[in-house]
Amino acid sequence: MKHILYFLLIVTALSACQNTKQKEEALQKVSKNIGTSNMQLIKVEMEDHDFEELGTVLRTSSYIQLAPEPLLSSIKEIRIENEHIYVHDATSRIICYDMQGNVIYQIDKKGGGPGEYVGINDFVINTQSKELIIYDNLKLSLLHYDLADGKYLKTESLRKPNPSAIACTEGIYFYDNRHHNNYPNDSALHYSLLVSTNGIDITERYFSHNQAESAYDFSPSPQPFSYNNASIYYCRNFDNRVYRLSSKGLEAMYQIDLPNPLPFSQIENKADPRKMMQSNYSVGLEQIYQCGALLHFQFFKDGFLQTALYDLSKKKQIYCGRKMEDKTHRSVPLFRLIDGVYQGRFFGMLAPETIDYAQTKRGDDLPEIFRRYKAESENPIIAFYEIIR
Amino acid sequence: MKKKIFILSSIMMITSLSLLLSIKSNKLASIVDVSLADIESLANPEGGGDHSWLQPKTVACKLDLGGGWFTGSVRRDCEFCAVPYSCTTVECGGSF
């Protein structure tokens, strides 16, 4: 009798241990360690003048004029990968161009039927599965299309999470999950960055939500992901630390110390977003692109968009302020903003209204491609900028 | 001896009960989760359009002033939510 009792006691104890072990394993899955050994500190100082010497840093190396048909509406996102340009415009279309600006295909399937979407919240290019995947936040679905010809393949339901933006690198999906209003009791999803290997099941989680940020319905950085060729950088809402995403996990790359950063009390007090955008606080760090030894980023302060260039090799700021241009117009004839980096060059989209303005102001001083441009019937031109060493 | 057996039996009973309760609470949590998922699937607008349940989200945006100048502004996006809500999108710089 005594032996049986001891045996039962041991079995019970072992079972309890097993339960604890399972809980520990589950917790370990929450997040891998974030590497910080290569993180660089970037100290930013505001300059109250325009930067007119952009031509000493960058040189325009080529242009791509996008085909006039279909005529694009305002562009939400532009991505260049594997010699293809993907443009997402405000009418919920994705148009794929070659590097000469010719249309390869377009995905324009708004509707309620199979293979159709209600809206494009974001899209990713999965080079491993050779698919272009659209996230439709109204249908809560991922729609898969063939990357080569845009042919519809399948739809997968993504009930949870409801991300604000998605990214994909090395076949791994990353979801920017700012709020958890739609799943208040599913604490496993109360994290800002969720990782999935198959696009549906969440396998890793980073940055636990804090109550004040989750309760505040304002996003100062509309796009938290910045595409740097094969690498993707991530900067969380209201954060100033930039991480590189990969299948191995996250690596902290830069801590960008902006001047007069937003105090946390403004988030706790749910400050009026319009007033915040006009305030002298720095908010909304995004468009973080590294090209050679140059780092580009932008944010909002004093009601204006502030753009910055930083020399990583000299650990020195080149400029941070409201406007960059080449006053001589020799190296950089026309400049608007930097929208990405591709194969060792920055690129930026020159919108029809920008070219139209330049035509009015400068006329014959512009290069041929801009002089013959018709703003009312043509699509944007993409300019590529190489670094002057 | 009888006393020892009684104490050991009591410990076993308590352990077993606590284990059972833990399993039951896990099951209850998953039932709650499934119910919430059902609510969300009901809210899922299969056909989209006017029946979508949306809530307004204020997002920062850059407003092109021309001539290479940009100002910081806000726009209103409509995002899916699990409870009925009306929302109209407003472009960058628009009033709402």
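Student: How many bridges join strand β3 (residues 75-81) of chain A to β4(A)?
Tutor: The model is a predicted one. In it, β3(A) and β4(A) run antiparallel. A:R79 stands opposite A:Y86 in β4(A). The number of bridges joining the two strands is six.

Student: Which residue in the turn between β3(A) and β4(A) has a positive phi?
Tutor: The two strands form a hairpin, with two residues between them. One residue in that turn has a positive phi of about 45°. That residue is A:N82.

Student: How many bridges join β4(A) to strand β5 (residues 93-97) of chain A?
Tutor: β4(A) and β5(A) run antiparallel. A:H88 has its bridge partner in β5(A), namely A:I94. The strands form a hairpin with three residues between them, and A:S92 in the turn has a positive phi of about 60°. The number of bridges between β4(A) and β5(A) is five.

Student: Is strand β4 (residues 84-89) of chain A largely enclosed by the rest of the structure or largely open?
Tutor: Buried means under 20% relative accessible area. Five of the six residues of β4(A) are buried. The strand is therefore largely enclosed.

Student: What is the order of the strands in the open sheet of four strands in chain A?
Tutor: The pairing in this sheet is antiparallel. β7 (122-126) and β10 (152-157) each have a single partner strand, so they stand at the edges, with one side of each left without a neighbour in the sheet. The twist averages 20° from one strand to the next. The order is β7-β8-β9-β10.

Student: Which residue in β8(A) stands opposite A:N126?
Tutor: β7(A) pairs with strand β8 (residues 131-136) of chain A in the antiparallel sense, over five bridges. The residue of β8(A) opposite A:N126 is A:E131.

Student: Is B:Q55 buried or exposed?
Tutor: B:Q55 is in strand β1 (residues 54-66) of chain B. Not counting residues up to four places away in sequence, B:Q55 touches residues of both chains, among them A:N181, A:D217, B:D77 and B:Y85. The relative accessible area is 12%, so B:Q55 counts as buried.

Key:
Residues numbered from 1 in each chain as written. Chains lettered and ligands numbered in written order. Predicted model: local features only at pLDDT ≥ 70, side-chain atom pairs only at ≥ 80, totals over all residues. Heavy atoms only, no water. Buried < 20%, exposed > 50% of the residue type's maximum accessible area, 1.4 Å probe, protein only. Contact = heavy atoms within 4.5 Å. Pairing = 2+ DSSP bridges. Axes fitted to C-alpha atoms, helices over the stretch in contact; angles between N-to-C directions.
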